Amino acid sequence: DMASTTAGKQRIPKVAKVKNKAPAEVQITAEQLLREAKERELELLPPPPKQKITDEEELNDYKLRKRKGFEDNIRKNRTVISNWIKYAQWEESLKEIQRARSIYERALDVDHRNVTLWLKYAEMEMKNRQVNHSRNIWDRAITILPRVNQFWYKYSYMEEMLGNIAGCRQVFERWMEWEPEEQAWHSYINFELRYKEVDKARTIYERYILILAHRNWIKYARFEDKHGYIAHGRKVFERAVEFFGEEHIDENLFVAFAKFEEKQKEFERVRVIYKYALDRIPKQQAQELFKNYTVFEKKFGDRRGIEDVIVSKRRFQYEEEVKANPHNYDAWFDYLRLVESDADADTVREVYERAIANVPPIQEKRHWRRYIYLWINYALYEELEVKDPERTRQVYQACLELIPHKKFTFAKIWLLYGQFEIRQKNLPNARRALGTAIGKCPKNKLFKGYIELELQLREFDRCRKLYEKYLEFSPENCTTWIKFAELETILGDTDRARAIFELAIGQPRLDMPEVLWKSYIDFEIEQEEYENTRGLYKRLLQRTQHVKVWISYAQFELSVDSGERIQRCRQVYEEANRSLRSCEEKEERLMLLESWKDYEQEFGTFANKDRVRKLLPEKVKKRRKLTAEDGSDAGWEEYYDYIFPEDAANQPNLKLLAMAKMWKKQQQQEEEVNLIGDPDKEIYKESSFPRGKKCYPSCPHFY
């Protein structure tokens, strides 16, 4: 017992200890294991052994087993037609045709509407040269399933291969009674043509186009053309055009008709066909027609014909665009440009009238900006191309009556009308129109244009009146005051010009006062009235203390040719410096001192230069706290400030800056000495700053 126990213990294998209990990187699922096992099972499955039947008894046994298996499968599920077909094909392979025929008949009892079953049955009979049986099967098939075209095709093909032409024709006739699809008719026609039966084919076409008319007229006509019956082909096309009428007109029919006539060298007929079609087919459906018409004209037409077809095509395109959106004024402009280059005046005028009839529905100027150019182009066309001044005048007047002047106006229309009347040497009409414009809807552009017109006519009194009206309408417009004064200056009346300038600077509201004052000062300088100029500068400085005014004043004094000009200029700088001490913008004060410094560099003594140099400020960097819009802290920013020595409040700051600079210079000298004494010693050490102190940007050590 002990021995057996010991032997049993020795036979039990020891279980290996798993050292790494972590999950594997690639996990294997149970589904994967089963799938791999199934695949390996199929791989390892040995092929069935080959059987060799050596005697009749073994063959009969084999047939019995196979038939029993097929019958069992059929008994299990009679509706699976593949089992019947396999059974019949197996019997056919054994040359048991009668048995196979019996199986097919049994299967047809189960499912007589199965197409595959009929096909396999008939093919079996044909392969075994059983012609009458095959005919019987095809007759039964087409009687039960007449809409299966495959039966008809195969039946007719079999009869044709057997040479039974009459029987094949009879099959086709039976088929055509069911009015099949297009390909069936073509098969019948091709069958007749193979045997040169053109008349019979024509008869089939006549029946065919009455049943399936779409596109088949073209094929019928091509059939006639192919066999040389040109008159018949033309008659077919003409019948087709009449058949479709204008309601169901087809682009492809006319293209084919035109190509047919082109082949017969009937070019005038071709041109008539294309034009007839283009007049009746909707433009968006005539792309192919236009293309072929263009190619035809390029091949057989002259230059005028080619241009006509291209212009016609583009006109149709523009017509469609303006019909889709009548307020698309850009499309109207393109359309008008096209007809102006090609059509007669009446046609162009008609298109212009159609275009201007599309008035913008909203009375807002932005909607009228493009529309108004239709009227302008119309008027210019009548004047320049047609040379009809009376119609041009009517166009301008109709446009001016149409514009709602109480809400907005277009100064360009009034000015163009006035210029037109002047070109017609009808000055009263021009003045009347522009006067009406100023009375109805005064605008800056209208006043400027009218004044420019009178200036060209040298009617200066009228110009003065217009300027007075203009200034009554817009007294704050500095440009008008300046132009009015310039006019009087040109005419030599300086007193009137000076009075105009005085009135101008006395206005309570001006759009560009600095330009006006500069023009007045330049006027006085040009007249060499230097005392008046100084008076103007002083009056201007009472209103504004801008640094540019002071610099301009100083430069004026320097430019005056007199012995006191240098002293006067320095006095202006002195006065400006005193005046700008209270200025909040320190950059302006610095700008003045820089200008003064440049002046002293050129004209001053050493003492003057040193004095200005001492007035220059110290530039220091500072920090200030930023606050966001919501009041939260937005951090700090650095900015530059200027400390002027003249200001008493800045003296302590300047003294502190001087001490900081002196201390920094001393530190740099000490570091240079230490660096020379010890090459390994770094220049920047924390001990270089005062003990216990930290440097911030506001500290002098920072700089």
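The legends below describe close-up views of a predicted model.

**Figure 1. Overview of the predicted protein.**
The chain folds into 35 helices and two strands. Of its 703 residues, 37% are buried. Among contacts with a separation of 6 or more, 46% join residues 24 or more positions apart. The number of disulfides in the structure is zero.

Side chains of opposite charge can pair when their charged atoms come close. In this view, Arg349 and Asp346 form a salt bridge, with an N to O distance of 3.3 Å. Both residues belong to helix H19, which runs over residues 345-356. Arg349 and Asp346 are three residues apart, about one turn of the helix. Arg349 has a relative accessibility of 14% and therefore counts as buried. Asp346, at 55%, counts as exposed. The pair also belongs to a network of salt bridges that links Asp346, Arg349, Glu382 and Arg391. Across the whole structure, a search finds 22 salt bridges.

**Figure 3**
Glu390 and Arg393 form a salt bridge in which the closest N and O atoms are 3.1 Å apart. Helix H22 covers residues 389-402, and because Glu390 and Arg393 are three residues apart in this helix, about one helical turn separates them. Glu390 is partly exposed, with a relative accessibility of 42%. Arg393 is buried, and its relative accessible area is 13%.

**Figure 2. The salt bridge between Glu364 and Arg366.**
The side chains of Glu364 and Arg366 meet in a salt bridge with an N to O distance of 3.1 Å. How accessible is Glu364? Glu364 has a relative accessible area of 34%, so it is partly exposed. Arg366 has a relative accessibility of 60% and counts as exposed.

**Figure 3. Helix H3 and the helices it packs against.**
Helix H3 has 21 residues, numbered 56-76. From the first C-alpha to the last, helix H3 reaches 30 Å, close to the 30 Å expected at 1.5 Å a residue. Which residues of H3 are buried? They are Lys63, Arg67, Phe70, Asp72 and Ile74. These buried residues of H3 pack against helix H4 (81-93) and helix H5 (97-110).

Helix H23 spans residues 411-423 and has 13 residues. Its end C-alpha atoms are 18 Å apart, which agrees with the span of 18 Å that 1.5 Å a residue should give. The buried residues of H23 are Ala411, Ile413, Trp414, Leu415, Tyr417, Gly418, Phe420 and Glu421. Just after H23, Lys425 has a positive phi of about 60 degrees.

**Figure 4. Helix H33 and its buried residues.**
Helix H33 covers residues 586-603, a run of 18 residues. Its first and last C-alpha atoms are 26 Å apart, close to the 26 Å expected at 1.5 Å a residue. The residues buried in H33 are Glu588, Arg589, Leu590, Leu592, Leu593, Ser595, Trp596, Tyr599 and Glu600.

**Figure 5. Two loop residues with positive phi.**
Most residues other than glycine have a negative phi. Arg129 has a positive phi, near 60 degrees. Where is Arg129 placed? Arg129 sits in the loop between helix H6 (115-127) and helix H7 (131-144). Arg129 counts as exposed, with a relative accessibility of 73%. Lys196 also has a positive phi, near 60 degrees. The loop that holds Lys196 lies between helix H10 (182-194) and helix H11 (198-211). Lys196 is exposed, at a relative accessible area of 69%.

**Figure 6. The second largest pocket.**
Rolling a probe the size of a water molecule over the atoms shows where empty space is left. The second largest pocket holds about 420 Å³ of space. It is lined by 16 residues, and the closest to its centre are Glu514, Trp517, Lys518, Leu540 and Val549. Helix H29 (513-526), helix H30 (530-543) and helix H31 (547-559) are the elements that each give two or more residues to this lining. H29 gives the largest share, seven residues.

Technical notes: Residues numbered from 1 in each chain as written. Predicted model: local features only at pLDDT ≥ 70, side-chain atom pairs only at ≥ 80, totals over all residues. Heavy atoms only, no water. Salt bridge = Lys/Arg side-chain N within 4 Å of Asp/Glu carboxyl O. Helix = DSSP H or I, 4+ residues; strand = E, 2+ residues; numbered from the N terminus. Buried < 20%, exposed > 50% of the residue type's maximum accessible area, 1.4 Å probe, protein only. Expected span 1.5 Å × (residues − 1). Contact = heavy atoms within 4.5 Å. Disulfide = S-S within 2.5 Å. 1 Å grid on protein atoms, 1.4 Å probe; cavity = no way out; pocket = protein on both sides within 12 Å on 5 of 7 lines; lining within 4 Å. Points joined across faces, edges and corners; volume = space filled by probe spheres on them.
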